[in-house]
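Dear colleague,

I am passing on the structure we spoke about, with the sequence alongside. Please have a look at it before reading the notes that follow.

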Amino acid sequence: MTEQTLFWIFAILAGGGAIGVVILQDIVRMAFSLIISLGSTAGLFFLVGADFVAATQLLVYVGGTLVLLIFGVMLTASGPFQRIKMSAGETFLGAAVGLLFFSVIVFTVIDVNWEAGNNRQVATTSGMSMMWLGSILGPGRSTSSIEMEV
């Protein structure tokens, strides 16, 4: 698969999971949608070369926070399927705030000069770790043996 195909798969899953968190009324299904959304966001971070951010996203949010959320729901729920009831006013207010945020994102995407950033070099965590190890070892010391292990 190409990177663009993977990007669209992760982007659709992240957006669909986020919409599922907002629309679903069952708390367990909401938590599962949040896992899909955050996991897909980590996949997007892996695609752009931000390995550390992606791993942190998986460990902290998907691994920690959602496990606590699910156990909290399982231990405190009064019935097997607890539903969240919203009034029409809350639904309208939530839709208005969501539309406002969506319009900010759309106007930002339209106003950005996307061609200006094509010549930029991206630092990955592997390159930064080699620089860090080189500064620890000091000048004149070779990091080639460490690079082979990393």
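Gln57 is buried, because its relative accessible area of 9% falls under the 20% limit. The residue sits in helix 3, which covers residues 51-76, and, leaving aside residues up to four places away in sequence, Gln57 touches Leu38, Thr41, Ala42, Phe45 and Val62. Please keep in mind that this is a predicted model.

As for the chain as a whole, its secondary structure comes to 6 helices and 0 strands, so that the order of elements from the N terminus reads α-α-α-α-α-α. Among contacts with a separation of 6 or more, 53% are between residues 24 or more positions apart.

Finally, a search of the whole structure for aromatic pairs finds 1. The partners are Phe7 and Trp8, whose rings are 5.3 Å apart from centre to centre, with 75 degrees between the planes, in an edge-to-face arrangement. Phe7 counts as partly exposed, because its relative accessibility is 36%.

Key. Residues numbered from 1 in each chain as written. Predicted model: local features only at pLDDT ≥ 70, side-chain atom pairs only at ≥ 80, totals over all residues. Heavy atoms only, no water. Phe/Tyr/Trp six-rings, centres within 6.5 Å; stacked < 30°, edge-to-face > 60°. Buried < 20%, exposed > 50% of the residue type's maximum accessible area, 1.4 Å probe, protein only. Helix = DSSP H or I, 4+ residues; strand = E, 2+ residues; numbered from the N terminus. Contact = heavy atoms within 4.5 Å.
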